[in-house]
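Reader: I have a structure open and want to learn how to read it. Where do I begin?
Author: Let us go feature by feature.

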Amino acid sequence: LAAFAYWKLRIEWGWPAPVTIIVMLGILAPLFGATIERVIMRGLQDVSEVTKLVVSVSLLFGVYQGALILFPADQGRRFPGFFDGNAFDLSVVNLQWHDAFTILAAVLVALFLRTLLFGTRTGIAMRAVVDDRPLAQLTGSRPDRSAMLAWALGTTLAALSGILLAGSQGVLKHLDLTLLVINAYAAAMIGRLRSLPLTFLGALILGLGESYAVGYLPTNQQIT
């Protein structure tokens with residue numbers, strides 16, 4: 001949904017790319033996440049894990065259907081990457097500037113999350129709320145604020161991922177962008193939902209494996 005909103009502002013309305021990035025990642029995406037936490041997730045604190053899972057999956061498909069309604073699939077939408085068509089030579093490969101920005105963004109996000117969650121009071125409070133919400137509240141933490149911040153941060157990173165993925169593909173596709181969450185879950189499972197470095201490593205392994213499969217496995221015959 002964020003990728004489509006970015007396309008609306010950047011391509012259809014002609015906003016400058018830096019302004020669009022600031023509006024999307026600094027205002028719209030975190031506001032969307034904070035609203036979800038306040039309106040939906042905050043009321044699920046005392047329900048079962050199964051109920052939380054069902055609500056989360058329902059939210060995923062709700063956002064997907066919302067994107068289909070707001071941006072019908074029968075219209076083609078070209079989504080150029082940053083510095084579209086420009087690349088630089090690394091002697092073994094020509095790297096597109098958009099892909100370079102994607103790699104840089106991944107490294108910066110990993111460093112930012114590590115610093116936030118282990119080096120700041122806000123991040124430590126977020127981790128404490130996840131481990132034991134009542135105990136964190138007894139020690140003076142504000143769980144609701146930490147949860148809202150976590151949702152705002154999560155939706156902002158999801159928006160960044162959608163924009164970067166759409167830019168690398170060159171066109172907006174509802175299903176491909178939605179299924180990105182499956183890859184994210186797989187990487188999180190490698191990190192066992194606890195280790196950011198292992199999650200980052202898992203994402204690299206999955207991404208490289210998929211790219212090598214597309215690039216080198218035969219496509220003109222069935223593989224069994």
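Reader: Is Gly-119 buried or exposed?
Author: Look at the relative accessible area. This is a predicted model. Over 50% counts as exposed. Gly-119 has 60%, so Gly-119 is exposed. Gly-119 is found in helix 4.

Reader: Which residues is Ala-128 in contact with?
Author: Set aside neighbours within four places in sequence. Then Ala-128 is in contact with Arg-133 and Ala-136. Ala-128 and Thr-139 are 11 residues apart in sequence, and their C-alpha atoms are 10.0 Å apart in space.

Reader: Now Thr-20. Is Thr-20 buried or exposed?
Author: Under 20% counts as buried. The relative accessible area of Thr-20 is 0%, so Thr-20 is buried. Thr-20 has its place in helix 2.

Reader: What does Thr-20 touch?
Author: Again, skip residues up to four places away in sequence. Thr-20 touches Tyr-6, Leu-9, Arg-10 and Trp-15.

Reader: Tyr-6 brings me to helix 1. Which residues of helix 1 are buried?
Author: Ala-2, Ala-3, Phe-4, Tyr-6, Trp-7 and Leu-9 are buried there.

Reader: What do the buried residues of helix 1 pack against?
Author: They pack against helix 2 (17-39), helix 7 (143-169) and helix 8 (174-178). Look just past the end of helix 1, too. Gly-14 takes a positive phi of about 75 degrees there.

Reader: Which residues meet where helix 2 packs on helix 7?
Author: The helix 2 side includes Leu-25, Ala-29, Phe-32 and Ile-36. The helix 7 side includes Ala-147, Trp-151, Thr-155 and Leu-160.

Reader: At what angle do helix 9 and helix 10 pack?
Author: Helix 9 covers residues 180-190, and helix 10 covers residues 196-216. They pack at about 130 degrees, with their axes 7 Å apart. That angle makes helix 9 oblique to helix 10. Helix 9 passes helix 10 in a right-handed crossing.

Reader: Which residues of helix 9 and helix 10 meet?
Author: From helix 9 come Asn-183, Ala-186, Ala-187, Ala-188 and Ile-190. They meet Leu-198, Thr-199, Gly-202, Ala-203, Leu-206 and Glu-210 in helix 10.

Reader: Let us turn to rings. How many aromatic pairs are there?
Author: Rings pair if their centres lie within 6.5 Å. By this rule there are 6 aromatic pairs. One of them is Tyr-6 with Phe-79, 5.5 Å centre to centre. Their planes are 35 degrees apart, and the pair is tilted.

Reader: Which parts does the pair of Tyr-6 and Phe-79 tie together?
Author: Tyr-6 lies in helix 1, and Phe-79 lies in the loop between helix 3 (49-70) and strand 1 (87-89). So the pair ties together parts that are 73 residues apart in sequence. Both Tyr-6 and Phe-79 are buried.

Reader: How do the rings of Trp-97 and Phe-101 lie?
Author: Their centres are 6.2 Å apart and their planes are at 40 degrees, so the pair is tilted. Both residues lie in helix 4, 4 residues apart, about one turn of the helix. Trp-97 is partly exposed at 36% relative accessibility. Phe-101 is partly exposed at 29%. Ring pairs also link Phe-82, Trp-97 and Phe-101 into a cluster.

Reader: Where does the charged end of Arg-114 sit?
Author: Over the ring of Phe-118, 4.1 Å from its centre. Arg-77 lies over the face of Trp-7, at 5.3 Å from the ring centre.

Technical notes: Residues are numbered from 1 along each chain as its sequence is written. This is a predicted model: local features need pLDDT of at least 70, side-chain atom pairs count only at pLDDT 80 or more; totals for chains, interfaces and linings use all residues. Side-chain values use heavy atoms; hydrogens and water are left out. Rings of Phe, Tyr and Trp (its six-membered ring) pair if their centres lie within 6.5 Å; planes under 30 degrees apart count as stacked, over 60 as edge-to-face and the rest as tilted. Helices (H or I, at least four residues) and strands (E, at least two) are DSSP runs, numbered from the N terminus. Buried means under 20% relative accessible area, exposed over 50%, partly exposed in between (1.4 Å probe, protein chains only). A charge sits over a ring if NZ of Lys or CZ of Arg is within 6 Å of the ring centre and within 35 degrees of the ring normal. Contact means heavy atoms within 4.5 Å. Axes are lines fitted to C-alpha atoms, for helices over the stretch in contact, and angles run from 0 to 180 degrees between N-to-C directions. Angles under 35 degrees count as roughly parallel, over 145 as roughly antiparallel, 65 to 115 as roughly perpendicular and the rest as oblique. A crossing is left-handed if the near helix is turned anticlockwise from the far one by less than a right angle, and right-handed if clockwise.
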